[in-house]
Amino acid sequence: MKYLDEFNDPKLARRLLDEIRATATRPWALMEVCGGQTHSIIRHGIDQLLPDEIELIHGPGCPVCVTPLECIDKALEIAARPDVIFCSFGDMLRVPGTDRDLFRVKGEGGDVRVVYSPLDALQLARRHPDKQVVFFAIGFETTAPANAMAVHQAKRLGLGNFTLLVSHVRVPPAIEAIMTAPACRVQGFLAAGHVCSVMGMAEYPELAERHRVPVVVTGFEPLDILEGIRRTVGQLERGEHRVENAYARAVRADGNPAAIRMIEEVFEVTDRNWRGIGRIPGSGWRLSEAYRGFDAEHRFDVTGIRTEEPAECRAGEVLQGLIKPTDCAAFGTTCTPRTPLGATMVSSEGACAAYYLYRRMSEPALPREEMNPVG
C-alpha cells in the first residue's frame with residue numbers, strides 16, 4: 001500500500017477481523033501501549049468490532065498523562081515568575097496541577113507560550129536575552145531527540161538563558177512494571193511504532209522472553225492496529241512469545257542511530273515517578289552532567305511543593321489498565337474536558353479524552369452487527 005487512506009479500507013478491515021475471529025479460540029487480553037493507538041481504536045470502534053474473546057486494555061502510553069503532579073506544580077511555579085517565558089506544547093496547558101493549570105497562570109499574567117518544537121523555544125531565547133526561556137520537555141522516546149538537540153544547540157551557542165524542565169519517560173521499563181504488577185492481566189502487547197522508529201526493538205526480546213508475552217510493533221491507522229492484533233493473537237494461540245515488526249514501513253530493528261546518539265550524549269537514564277502509577281526504576285531520562293546547567297530544576301530553586309490529587313479521580317487506574325474511563329463515577333459528570341480532574345481527560349492522547357470525544361459514554365455500546373468497520 002502506498003497511500004494513507006488505504007490503511008482505512010473497510011474491506012481489508014473486515015478481512016482482518018474475519019481472520020482474527022477465526023484464529024481466536026479462547027479469551028486473550030492485549031494492551032496497546034500508546035495513547036495515539038487508543039484514540040484510533042476508540043474513534044473507529046475497533047475494540048467493539050473484535051470477537052468477544054479479545055479484550056483491549058488501554059496502557060499508560062500518554063506522556064502528558066503520566067507527567068507527575070509534582071513536576072506540573074513546579075512548572076506552574078516557574079511559569080508564574082516575571083523573568084520567565086515558559087514554553088510548552090498545547091496539550092499541557094489544561095493539565096491540572098494541585099490548584100491550577102498553565103492557562104490559569106497565563107491568565108494571571110505569566111508569559112506562557114505554545115510552541116510546536118523545542119527549537120522554537122530556543123529561538124525565543126536568542127531573541128529575548130533578558131528573559132529566562134524554559135521549555136517543558138515531556139514525552140516518551142519519540143520527542144527526546146528534538147529536546148536533546150535543542151539543549152545541544154543551546155550549549156553550542158552559549159545561551160545561558162535557556163533551560164529544559166525535563167519529564168521524559170521510557171516505554172520498556174513501563175512494560176516491565178505492568179507485567180510485574182499483582183493485578184496484571186495482560187497477555188500480549190501492541191508496542192508503539194513511533195517509539196520504536198527512534199529506539200528500535202532491541203529492548204523488547206528480553207521482555208517478551210522473561211514474561212512470555214508476544215510484543216508486536218504496531219502503527220496507528222485502523223489496518224495497522226488490526227494487523228498487530230492478528231499477529232499477537234496468532235502468537236498466543238500457537239504458544240509463542242516473540243517480537244514482531246508489523247510497522248516495517250517506519251520501524252527498523254536498530255531504530256534511528258543518529259537520534260539515539262544524540263539522546264545518549266545529552267540524557268542519562270534515571271528513575272522516574274509516573275502520575276497515578278508511582279516510581280518506576282530506570283523509566284526516565286534526565287540531563288547528563290555535561291548538560292546539567294540547562295536543567296530548569298537546578299536553575300530555579302523550586303522547593304516546598306505540596307501536591308494533592310482529587311480524591312474522586314481514578315486516572316491512575318485508567319493508566320494502569322485496571323479500569324476503563326467509564327468505570328469512573330466522575331467521568332463525563334464532574335470530570336469533563338472543561339473541568340478536568342486528571343490529565344487523561346485533557347491530553348490529546350488520554351484515554352478519558354478519547355472516550356469523551358468519541359461519545360463512548362457508557363458500556364456496552366452498539367451491537368457489533370450495527371457497526372461499520374473503519375468507515
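Student: Where does glycine 293 lie?
Tutor: This is a predicted model. In it, glycine 293 sits in the loop between strand S11 (278-287) and helix H14 (296-299).

Student: Leaving aside neighbours within four places in sequence, which residues is glycine 293 in contact with?
Tutor: Thr163 and Arg299, once those neighbours are left aside.

Student: And what separates the C-alpha atoms of glycine 293 and leucine 93?
Tutor: A distance of 26 Å. Along the chain, the two are 200 residues apart.

Student: Let's zoom out. How many helices and strands are in the protein chain?
Tutor: The chain has 16 helices and 11 strands.

Student: What box do the C-alpha atoms fill?
Tutor: Roughly 65 × 45 × 40 Å, taken along the principal axes.

Student: What radius of gyration does the protein chain have, and what would a compact globule have?
Tutor: The chain has 21 Å. A compact globule with 375 residues would have a value near 21 Å, so the two agree.

Student: Sheets next. What's the strand order in the open sheet of 5 strands?
Tutor: The order is S2-S1-S7-S8-S9. The pairing is parallel.

Student: Which strands stand at the edges there, and why is one side of each left without a neighbour?
Tutor: Strand S2 (54-61) and strand S9 (243-245). From one strand to the next, the twist averages 25°.

Student: How many bridges join S1 to S2?
Tutor: There are 6 bridges between strand S1 (residues 28-34) and S2, and the two run parallel. Take methionine 31: its bridge partner in S2 is isoleucine 57.

Student: What holds paired strands together, in general?
Tutor: Strands of a sheet pair through backbone hydrogen bonds, in either a parallel or an antiparallel way.

Student: What's the order in the open sheet of 6 strands?
Tutor: That one reads S4-S3-S5-S6-S11-S10, with mixed pairing. Its edge strands are strand S4 (111-114) and strand S10 (267-274), and each pairs on one side only. Neighbouring strands are turned by 25° against each other on average, direction ignored.

Student: Do S10 and S11 run parallel or antiparallel?
Tutor: Antiparallel, with 7 bridges joining them. Threonine 270 stands opposite glycine 284 in S11.

Student: Which strands does H7 touch when it packs on the sheet?
Tutor: H7 touches strand S3 (84-88), S4, strand S5 (132-139) and strand S6 (162-169). Its direction makes about 170° with that of S5.

Student: And H8, which strands does it touch?
Tutor: H8 packs on the sheet too, touching S5, S6, S10 and S11. The direction of H8 makes about 155° with that of S6.

Student: At what angle do H7 and H8 pack?
Tutor: Helix H7 (residues 118-127) and helix H8 (residues 144-157) pack at about 20°, with axes 8 Å apart. That makes the pair roughly parallel. Their crossing is right-handed.

Student: Which residues meet there?
Tutor: Pro118, Leu119, Leu122 and Arg126 in H7 meet residues of H8, including Ala150 and Leu157. By class, the contact has 7 nonpolar, 2 polar and 1 charged residues.

Student: Last pair. How do the axes of H1 and H12 cross?
Tutor: Helix H1 (residues 10-23) and helix H12 (residues 222-238) cross at roughly 15°, and their axes come within 10 Å. They are therefore roughly parallel to each other. This crossing is left-handed.

Student: What residues make the contact?
Tutor: Among them are Leu16 and Ile20 of H1, and Leu226 and Val233 of H12. The residues of this H1 and H12 contact divide into 9 nonpolar, 2 polar and 4 charged.

How values were computed: Residues numbered from 1 in each chain as written. Predicted model: local features only at pLDDT ≥ 70, side-chain atom pairs only at ≥ 80, totals over all residues. Heavy atoms only, no water. Pairing = 2+ DSSP bridges. Helix = DSSP H or I, 4+ residues; strand = E, 2+ residues; numbered from the N terminus. Axes fitted to C-alpha atoms, helices over the stretch in contact; angles between N-to-C directions. Parallel < 35°, antiparallel > 145°, perpendicular 65-115°, else oblique. Left-handed = near helix turned anticlockwise from the far one by under 90°. Contact = heavy atoms within 4.5 Å. Nonpolar A, V, L, I, M, F, W, Y, C, P; charged D, E, K, R; others polar. Rg over C-alpha atoms; globule rule 2.2 N^0.38 Å.
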